Amino acid sequence: LKKLKKSHDMVDWTDVSHDPLTPSAREALTNKTVRIWAPCVVKIRDRWLLYVSLFVSDAENLISVLSSDRPDGPFAFDKTLIDSRRIGILNTIDPCVRVADGRVWMFFGSCQDGVHRIELASDGLSIKADAQPVHVAGRRNDGTDLFGKPGCWEGSYVLPRHGVWWLFLSGGQFNEGTYHLLVGRAETIDGAFRDREGNLLTDGRARPILASAKGDRFTGPGHNGEVFSSADGRDWMFFHAHDQTLENSDDRPMLLQELQWDADGWPCFKGGKPQLQVERPRAPF
């Protein structure tokens with residue numbers, strides 16, 4: 001959260017001159033940790049809300065919310081919504097917040113303890129009274145270290161398309177080539193998500209829709225960002241991957257690729273892997 005960029009075509013980006021956080025908000029976050037991850041920005045009522053993950057330690061992970069009257073901030077700190085120690089779920093990171101029929105939902109969690117959903121208050125600034133987290137995807141921790149193991153997922157992203165809700169997730173190990181993207185769907189945002197074979201995502205089974213192979217330039221694609229529709233009605237998804245041509249292949253640049261839909265109505269990517277060359281999206285978005 002050190003810098004904010006803007007674009008009119010999702011390809012060419014320029015820096016926004018001001019700090020995306022107020023000084024007091026930056027102090028409130030960095031007093032806890034410098035490991036601040038996976039921002040999610042959503043407009044609820046007349047306010048723009050920024051949800052962020054704070055990794056303090058293996059035992060303490062937080063999700064905080066900040067607010068602004070503009071999408072580019074500066075965002076002021078409001079409160080901490082999720083504390084892994086209090087909610088009883090390990091590694092409470094990667095928030096995704098969506099509004100559906102006037103109700104506000106947060107999806108969160110990671111490959112340490114599965115992905116969960118909880119309802120927020122209608123203003124998005126607190127957990128709804130008496131709301132409890134519901135396990136929706138990925139394996140829960142069985143007392144062993146599940147990091148990177150099959151069926152252990154993170155990076156939830158929820159998308160309404162074609163009359164259903166799609167839950168995108170990332171599996172594998174984020175810092176190497178096994179990382180990949182997968183997806184399930186549900187009839188309602190608070191329903192049970194299943195893969196294309198009908199398996200519940202809580203079973204930890206789903207085939208990858210975006211992955212890589214040894215020798216590829218871009219490896220370990222995953223943890224997607226927003227999906228945007230271009231002027232010609234096509235969908236485009238942001239995600240990151242390791243670029244093997246970089247001096248430090250641990251770096252993960254952001255990529256943009258068309259999200260397609262197959263004959264059965266499921267999301268897919270050309271070739272099932274990051275493409276070296278793609279057609280430029282048609283603005284405006």
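Leaving aside its neighbours within four places in sequence, with which residues is Leu255 in contact?

## About the model

This is a predicted model, where local features need pLDDT of at least 70, side-chain atom pairs count only at pLDDT 80 or more, and totals for chains, interfaces and linings use all residues. Residues are numbered from 1 along each chain as its sequence is written, and side-chain values use heavy atoms, with hydrogens and water left out.

## Leu255 and its surroundings

Beyond its neighbours within four places, Leu255 touches Phe218, Met237, Phe238, Phe239, Ala241 and Pro274 (contact means heavy atoms within 4.5 Å). Leu255 lies in strand 17, residues 254-261. Because its relative accessibility is 15%, Leu255 counts as buried (under 20% relative accessible area is buried, over 50% exposed, and in between partly exposed, with a 1.4 Å probe and protein chains only).

## The chain as a whole

Let's zoom out. The chain has two helices and 18 strands (DSSP runs numbered from the N terminus: H or I of at least four residues for helices, E of at least two for strands). Its C-alpha atoms fill a box of roughly 45 × 45 × 40 Å along the principal axes.

Of the 285 residues, 48% count as buried. Among contacts with a separation of 6 or more, 47% come from residues 24 or more positions apart.
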